[in-house]
Amino acid sequence: MTDTLSLLKLRRSVPPQFLTAPGPDGAQLDELLAIAARVPDHGKLAPWRFIVFKGAAREEAAEIVARIFREKNPQASEDQVEFERKRLLHAPVIVAVVSRAREHAKIPLWEQELSAGAVCMNMLVAAYAMGYAGSWLTNWFSFDRQVLSAFGLADDERMAGFVHLGTPTAPITDRDRPVMTDIVSYYGT
């Protein structure tokens, strides 16, 4: 069995609150993003892009999320606002994968959106291969146009997800997986 197959059999999402420094940085982060971009991309459209949140930028983004949450939920307690603020502060590196799928004469939107999902998965697998862990999440602010605009997304762009990356604070344990006979069928038999 190859190392790649071993890695794929063991890969497991780690929630952001269980990720700490170090995370990928510098040349290693550049390599991770380049690997993430090596996905099926019919028409070579690159219908996705990256926004990296690290260092002080995480704090700035967290404040935007907290402010907008407070504005939209004036009844929220300070603990609730703080919980929302911390969503972008756990992992040392967060990569937003922005879907910029657009109408095309030959390439359906669905294919372009699937390509953005493949980017997220490639990023997680590459991070594990580098010795890190991660989690691909959305949360409410992935769908909030006010937050997305504050993060620099154009009106026709959507958030495929935030990939939280870092070093796990505890051993990674597996979760229950689907029973293969429940999800596999063979056409014609």
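Visitor: What share of the contacts in the protein chain with a separation of 6 or more comes from residues 24 or more positions apart?

Guide: A contact means heavy atoms within 4.5 Å. In the protein chain, residues 24 or more positions apart account for 79% of the contacts with a separation of 6 or more. Bear in mind that this is a predicted model, where local features need pLDDT of at least 70, side-chain atom pairs count only at pLDDT 80 or more, and totals for chains, interfaces and linings use all residues. Residues are numbered from 1 along each chain as its sequence is written, and side-chain values use heavy atoms, with hydrogens and water left out.

Visitor: How many helices and strands does the protein chain have?

Guide: Both are DSSP runs, numbered from the N terminus: helices are H or I with at least four residues, strands are E with at least two. Here there are 7 helices and 5 strands. Along the sequence the pattern reads α-β-α-β-α-α-β-α-β-α-β-α. The radius of gyration is 18 Å, close to the 16 Å that the globule rule gives for 189 residues, so the protein chain is as compact as a globular protein of that length. That radius is taken over C-alpha atoms, and the rule is 2.2 Å times the number of residues to the power 0.38.

Visitor: Is aspartate 144 buried or exposed?

Guide: Buried means under 20% relative accessible area, exposed over 50%, and partly exposed in between, with a 1.4 Å probe and protein chains only. Aspartate 144 counts as buried because its relative accessibility is 9%. Its place is the loop between β4 (133-137) and α6 (145-150). Across the protein chain, 39% of the 189 residues count as buried.

Visitor: Which side chain makes a polar contact of 2.6 Å with the side chain of aspartate 144?

Guide: A polar contact is a pair of N or O atoms within 3.5 Å; within protein, one must be able to donate a hydrogen and the other to accept it, and residues adjacent in sequence count only if both atoms are side-chain atoms. The partner is lysine 72. The aspartate 144 side chain also reaches the backbone nitrogen of valine 147, at 3.0 Å. Leaving aside residues up to four places away in sequence, aspartate 144 touches Ile68 and Lys72.

Visitor: Where is methionine 159, and which residues does it touch?

Guide: Methionine 159 sits in strand β5 (residues 158-168). With 6% relative accessibility, methionine 159 counts as buried. Not counting residues up to four places away in sequence, methionine 159 touches Ala96, Val97, Val98, Ser142, Leu148 and Leu153.
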